[in-house]
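Please read it with the model open.

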Amino acid sequence: MVTRMTRLLNISQRYKATTIGAAAALILSACGEVPQTKPTSKTQGIVYCAEANPVSFNPQVTTTGSTIDIIANQLYNSLISIDPITAEFKPELATSWQISDDGKKITFKLRKDVAFHTTDYFTPSRTMNADDVIFSFSRLFDVYNPYHFVHDANYPYFQSVGMDQLIRKIIKVDEYTVRFELFSAESSLLSNIATDFAVILSEEYAMFRASEDKKHLFDTLPIGTGPYKYKHFLRDNLVRFHKHHAYWKHNHAVDQLVYDITTNNTTRIAKMLTKECDITSHPSATQLEALSQRKDIVVDKAVNLNVGYWAFNTEKPPFDNALVRKALAHSIDFDKIMQAVFYGNGIAAQSILPPSSWAYTPQAMPYYDPVKAKQYLTEAGFPNGFEMTLWAMPVSRIYNPNARKMAELIQSDLRQIGIRTRIVEYEWNTFIERIGRHEHDSVLLGWAADTPDPDNFFSPLLSCTATFTGKNPANWCNPEFDLLLTQALDTNDLKMRKFYYQQAQEMLIRELPLVPIAHGVRFQARSAEISGAELRPFGGVSLANVRKGTQ
Amino acid sequence: MLDYLLRRLSLLLFMLFALTAFTFSLNYLFPGDLLTNFSGQINTSFSQSQLLEEKYRIEDNVIVQYSAFIGRLIEGDWGVSLSSGQTVSSHVALLLPATLELCFYALVVAILLGIPAGIITSAYHKKWPDKVISTLTLLGFSIPVFWLALLLIMVFCLGFGWFPMSGRIGLLYEIPAVTNFILLDIWLLDFPYGGQAFLDALHHLALPTIVLAMYPTTVLTRFTRDSMLNVLEQNYIKTARAKGLNRRQIILDHALRNALLPVIKQIGLQFSTLITLAMVTEVIFSWPGIGRWLIDSIYQRDYPAIQGGLLAVSMFVIFANMLADLTHSLLDPVSRNQSHGKV
């Protein structure tokens with residue numbers, strides 16, 4: 001009994017709150033139950049403080065950045081990936097690939113011995129092969145795929161880039177070779193296959209769920225090939241991943257990865273200070289100073305391909321009038337926004353593309369001029385202004401660290417030209433859903449690129465197909481603009497592509513379905529013990545190589 | 001006693017009727033589609049809507065709808081949360097224990113501190129212990145709970161780093177939920193992680209419990225003090241004193257039992273205040289309880305969740321009050337003879 005007590009007291013001494021510890025020890029000894037299990041140290045896992053609940057556990061069905069950050073690179077792999085530095089394609093689940101001369105056939109050789117996750121709900125009997133690849137892609141466009149219509153056949157990314165109309169069929173050449181046959185050669189296809197959305201799912205698991213008649217569970221209880229496997233998700237609380245011991249790439253992933261879902265910015269920072277989080281995404285700019293002064297916390301910074309914008313619902317009057325949009329754009333003091341919202345940690349937008357993109361050409365942006373704005377407004381027939389809603393996203397993202405504050409600044413600027421604004425806020429996932437249904441007048445939102453290809457800024461965001469899939473927050477469908485995008489995709493000549501994208505950028509600023517505001521810089525705060533959590537210029541967060549202390 | 005019980009039960013039934021009728025009418029009072037408010041299902045197909053209409057008796061009159069509503073409540077079919085797509089009853093089952101746990105510990109702390117403090121103040125009436133404790137209770141009584149919580153977080157979490165500031169347990173401890181009472185669950189699992197998980201859970205409990213216990217502690221202290229002073233004025237106490245009993249004997253043997261009767265009733269009444277305060281505490285300490293969920297649901301206009309949450313919380317408060325009342329009447333024969341039930 002004495003040894004028991006001392007052992008318990010030893011445990012309690014690790015806590016500075018000795019009174020509570022001692023009380024606990026008394027309770028423990030009173031119960032007479034002394035743990036015999038092997039003590040597991042807390043350091044065998046990492047807690048990542050995330051800003052929102054994941055909406056799904058299958059990256060194919062969503063484009064929400066906060067969700068992709070959590071699931072894509074942790075649970076899954078793509079066929080190929082893009083090197084963040086050289087921007088060249090790298091082999092992942094495919095070891096090599098060949099493109100036919102006419103560009104209409106792409107053949108992938110697959111990696112052998114890639115194991116899927118073994119979990120409480122599924123035990124795979126085979127490793128990854130061509131069937132899995134064919135299943136994963138055919139779900140996106142093949143109406144005969146048993147899973148195509150699960151969750152209303154909504155694959156926003158692929159539908160907005162038109163991938164569902166591009167792939168004619170996928171052929172299984174042999175067990176480890178697949179060939180994509182296309183209707184036409186398209187220059188951005190490979191980079192779309194390399195995005196976080198184009199993951200490889202288990203066909204065997206899909207058939208298992210189908211045989212159980214529980215297809216809806218396929219996207220909520222995931223099976224992938226990534227470094228971590230799904231364990232538990234408690235809404236508004238946590239997501240728990242365990243290490244995938246048979247991961248094909250390496251065996252040094254941490255035993256446990258927990259996402260602490262903390263929607264409040266300040267709380268996330270506070271949790272960094274109390275060491276309840278090891279890493280946190282998007283620390284707000286005001287707190288960067290305070291964080292970087294601490295020795296035990298490191299703030300990482302990386303250039304990122306993204307844009308924060310103010311989009312108008314161009315189908316809804318009076319926003320269908322380009323003059324009104326112009327008036328609104330001229331009434332905003334962008335310098336003030338850069339200072340008050342980005343604290344100098346952002347680049348004022350000169351186009352929809354960020355300067356680090358190869359197709360970037362600076363445009364004549366609308367500048368702050370209330371008199372001119374008023375003039376345009378009178379011309380458009382609204383000398384006395386009107387009322388409108390301004391939707392501000394409730395979470396902090398790279399491209400807009402504080403949409404609420406930005407909305408308030410815009411609100412006060414608009415009041416100068418006689419426009420009364422009501423700011424609308426919803427919980428993030430509801431917000432995205434309602435924007436998708438185009439319930440807004442105007443919205444402050446943004447886009448973070450998934451690939452370095454400039455098309456990623458146009459097709460998923462502003463094309464007509466994006467309007468139909470609810471991705472286009474400007475609700476803007478312009479055939480001329482779409483033609484430019486198609487022309488840019490139809491050629492592999494970099495010079496020609498650049499030319500078309502220049503025109504597209506110019507047209508956007510002329511028509512102003514949305515006003516690009518700024519390009520944010522990606523920040524991440526981590527405890528000094530954490531290493532291997534690299535920031536990439538595009539795509540979601542990858543924690544495959546993250547480790548803590550001396551592990 | 002049986003008569004009294006029956007009177008109480010009829011009152012309970014009436015209150016439950018009022019409560020369910022109110023919750024039911026919320027479906028009509030909330031904006032939006034009636035069927036969506038009832039079921040929590042949006043964008044239903046035509047055949048699904050037909051089934052739902054059948055189930056919710058939308059075509060029939062309000063009385064039939066209400067009785068169908070009661071039937072579903074009893075079956076445990078509380079609809080589906082709009083924002084999570086899971087059943088409201090599963091949310092309540094998961095979250096209510098967390099709130100109850102917090103309230104229970106806070107109440108235990110309040111009783112253990114408040115009643116002795118009240119006895120001390122009355123025993124030393126108008127002497128320095130009375131003055132010190134009375135000043136402190138006045139202070140504790142006046143501090144808003146959210147301010148106290150933030151203050152404690154600033155000093156003990158961010159300043160000294162002694163306590164964690166959120167949740168029920170370190171997230172890396174994996175405790176499968178059985179009863180959803182975290183300490184109980186850890187105990188049932190035979191203290192995994194070498195007892196560290198249990199200590200960690202206590203560690204997480206400390207600050208929210210202190211914050212939540214502050215208000216009931218001060219109320220109980222003041223109430224015990226007043227009640228004791230009242231009893232000490234009585235003639236039989238004077239008689240006891242005249243007989244030469246010392247202060248300890250008078251207070252412990254004669255005054256205490258009578259003085260505690262109204263206090264016991266007060267403990268039961270504290271539950272409703274506690275639940276309200278718990279909501280604030282839960283939001284600040286990110287405690288995964290029903291209060292935080294209810295507040296989130298209100299923000300998200302998740303009508304089925306708001307209804308379910310309200311119903312669960314108020315039903316719990318009614319039952320807790322009833323239980324306190326019964327205990328009180330067991331100890332106090334006089335109250336049994338009241339001819340009318342009281343809320």
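Predicted model: local features only at pLDDT ≥ 70, side-chain atom pairs only at ≥ 80, totals over all residues.

1. The open sheet in chain A. Seven strands build it, in the order β8-β9-β10-β1-β11-β19-β12. The sheet is open and its pairing is mixed. The edges are β8 (228-234) and β12 (297-302) of chain A. Each has a single partner strand, so one side of each is left without a neighbour in the sheet. On average, neighbouring strands are turned by 20° against each other, direction ignored.

2. One pairing in detail. Within chain A, β11 (residues 279-281) and β19 (residues 522-527) run antiparallel and share three bridges. Look at A:T280 here: its bridge partner in β19(A) is A:A525. As background, strands of a sheet pair through backbone hydrogen bonds, either parallel or antiparallel.

3. Helix α3 of chain A. This helix spans residues 65-75, and eleven of its eleven residues are buried. Among them are A:D69, A:N73 and A:Q74. The buried set also includes A:I68, A:I70, A:I71 and A:L75. α3(A) lies across β1 (45-50), β8, β9 (238-243), β10 (256-261) and β11 of chain A. Its direction is at about 145° to β8(A).

4. Helix α9 of chain A. Residues 285-292 form this helix, which lies across β12 and β19 of chain A. The angle between α9(A) and β12(A) is about 135°.

5. A cis peptide bond. The bond from A:P317 to A:P318 is cis, with omega near 0°. A:P318 sits in the loop between β13 (306-312) and α10 (322-330) of chain A. Most peptide bonds are trans.

6. Two positive phi values. Most residues other than glycine have a negative phi. A:D113 has phi near 60°. This residue is in the loop between β5 (105-110) and α4 (130-141) of chain A. B:S286 has phi of about 45°, in the loop between α11 (247-284) and α12 (290-299) of chain B. Which of these is buried and which exposed? A:D113 counts as exposed because it has 8 C-beta neighbours inside 10 Å. B:S286 counts as buried because it has 24 C-beta neighbours inside 10 Å.

7. Chain B overall. This chain has 14 helices and zero strands. Its C-alpha atoms fill a box of roughly 85 × 55 × 40 Å along the principal axes. Of the 343 residues in chain B, 39% are buried. Among contacts in chain B between residues at least 6 apart in sequence, 71% join residues at least 24 apart.

Definitions and conventions
Residues numbered from 1 in each chain as written. Chains lettered and ligands numbered in written order. Helix = DSSP H or I, 4+ residues; strand = E, 2+ residues; numbered from the N terminus. Buried ≥ 20, exposed ≤ 12 C-beta atoms within 10 Å, placed from the backbone. Contact = placed C-beta atoms within 7 Å. Pairing = 2+ DSSP bridges. Axes fitted to C-alpha atoms, helices over the stretch in contact; angles between N-to-C directions.
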